[in-house]
Amino acid sequence: MSGLQLISSTGSFGGKQQRYQHHSDVLNCNMHVSVYLPPQVSSGNRLPVVYWLSGLTCTDENFVTKAGAHRIAAELGLILVAPDTSPRGDDVADDEGYDLGKGAGFYVNATQAPWQSHYRMYDYIVDELPDLVNRSFQCKSKAALAGHSMGGHGSLVLGLSNMQRYTSISAFAPIVNPINCPWGQKALTAYLGEDQKQWQQYDACTLLEQQGNFLQLPILIDQGLDDDFLDSQKLTRPFDDLVKKMKYPAQINYHQGYDHSYYFIATMIESHLRFHHRYLINQ
């Protein structure tokens, strides 16, 4: 794993929006990652970090250019880290569909050919990237996870599977039950094979049910009711049903008039960052 190499940097709300590249040993390719450094980096203190996981077709740049998160991150002193959504490069396997291959890593460790040599986004997000970020910046020991759609799936799955690493989880319009929706079934079959028992480790509903109420992380989910994928991809509601059944203390909100786009994310991002800050500052 090479160190972060700065590609670009521009001022924003007193801080800096920067883009880096590095070689990933886990993914066996070069990767890009966007990082917002708030003005508080000059204090020399360790700052809290929020990792943002984007959705299908996105790169590391969608969130930082569309979400309008800099103002509140600057106020709260949050470092925002937005990785890419899949491995990249000429040697990386791909698919003609937008929902498999490049831009659609689904935050899993692939076990099937031709995907297994590069598509290990789970290990990249949980282990390799945080090690790199922590070596490059003054960060607090635990981070928070947030994401949208496929990235909401990643946020929930990675957070519920590694609760000792994170203070809180949030998601916008997440894929919560990939075992039972078209996007998830296509990706999990390709990356993991036909044995659905192997899929369960990447299904937020399954993980929550297996975990029970023994350990709990604060969870916030926002879902637009005008989202075209709400019913067809079974977003949010199966997880909401399970949360209510288990009496798990998650906050799940539905919003009339909002769809699956970044307009929704930009509307709600302040509440998500304030949510995470509440827990990050206590570590």
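This is a selection-by-selection tour of a predicted model.

Local features here need pLDDT of at least 70, and side-chain atom pairs count only at pLDDT 80 or more, while totals for chains, interfaces and linings use all residues. Residues are numbered from 1 along each chain as its sequence is written, and side-chain values use heavy atoms, with hydrogens and water left out.

**Stop 1: the largest pocket**

Select Pro130, Asn134, Ser141, Ala143 and Arg165. Of the 13 lining residues, these are the closest to the centre of the largest pocket. A pocket is found on a 1 Å grid over the protein atoms alone, as an open set of points with protein on both sides within 12 Å along at least five of seven lines; lining residues have an atom within 4 Å of a point. The volume is about 160 Å³. It is the space filled by probe spheres set on the points, with grid points joined across faces, edges and corners.

Now colour by element. Helices (H or I, at least four residues) and strands (E, at least two) are DSSP runs, numbered from the N terminus. β4 (49-53) and α3 (121-136) each give two or more residues to this lining. The largest share, 4 residues, comes from α3.

Colour by class next. The lining has 7 nonpolar, 2 polar and 4 charged residues. Ala, Val, Leu, Ile, Met, Phe, Trp, Tyr, Cys and Pro count as nonpolar, Asp, Glu, Lys and Arg as charged, and the others, Gly among them, as polar.

**Stop 2: the largest cavity**

Select Val50, Trp52, Phe63, Leu80, Val81, Ala146 and Leu273. They line the largest cavity. A cavity is a set of grid points where a 1.4 Å probe fits but cannot get out. The volume is about 30 Å³. The count is 1 cavity of 30 Å³ or more. β4 and β5 (79-83) give two or more residues each to the lining. By class, the cavity lining has 7 nonpolar residues, no polar and no charged.

**Stop 3: aromatic rings**

Rings of Phe, Tyr and Trp (its six-membered ring) pair if their centres lie within 6.5 Å; planes under 30 degrees apart count as stacked, over 60 as edge-to-face and the rest as tilted. The whole structure holds 11 aromatic pairs.

Go to Trp115 and Tyr119. Their pair is edge-to-face, at 5.2 Å centre to centre with 85° between the planes. How exposed or buried is Trp115? Trp115 is buried, at 6% relative accessible area. Tyr119 is buried too, at 1%. Buried means under 20% relative accessible area, exposed over 50%, partly exposed in between (1.4 Å probe, protein chains only).

Return to Tyr258 and Phe264. Their ring centres are 5.5 Å apart and the planes meet at 40°, so this pair is tilted. Tyr258 is partly exposed, at 30% relative accessible area. Phe264 is buried, at 1%.

**Stop 4: helix α7**

Select residues 237-246. Phe239, Asp240, Leu242, Val243 and Met246 are the buried residues of α7. They cover an arc of only 165° around the axis, which puts them on the same side of α7. The arc is that of the directions from the helix axis to the C-beta atoms.

What covers this buried side? The cover includes α4 (150-161), α6 (204-211), β8 (219-224) and β9 (250-255). On the face turned away, look for the exposed residues Asp241, Lys244 and Lys245. Just after the helix, Lys247 takes a positive phi of about 60°.

**Stop 5: helix α5**

Select residues 182-192. The buried residues of α5 are Trp183, Gly184, Ala187, Leu188, Ala190, Tyr191 and Leu192. Their arc is only 165° around the axis, which puts them on the same side of α5. Gly193 follows α5, with a positive phi near 95°.

**Stop 6: two loop residues**

Select Gly103, in the loop between β5 and α3. Gly103 is buried, at 1% relative accessible area. Not counting residues up to four places away in sequence, Gly103 touches Gly55, Leu56, Thr57, Cys58, Thr85, Ser86, Arg88 and Met150. Contact means heavy atoms within 4.5 Å.

Finish at Thr59, in the loop between β4 and α1 (61-66). Thr59 is partly exposed, at 24% relative accessible area. Beyond its neighbours within four places in sequence, Thr59 is in contact with Ser54, Pro83, Asp84 and Arg88.
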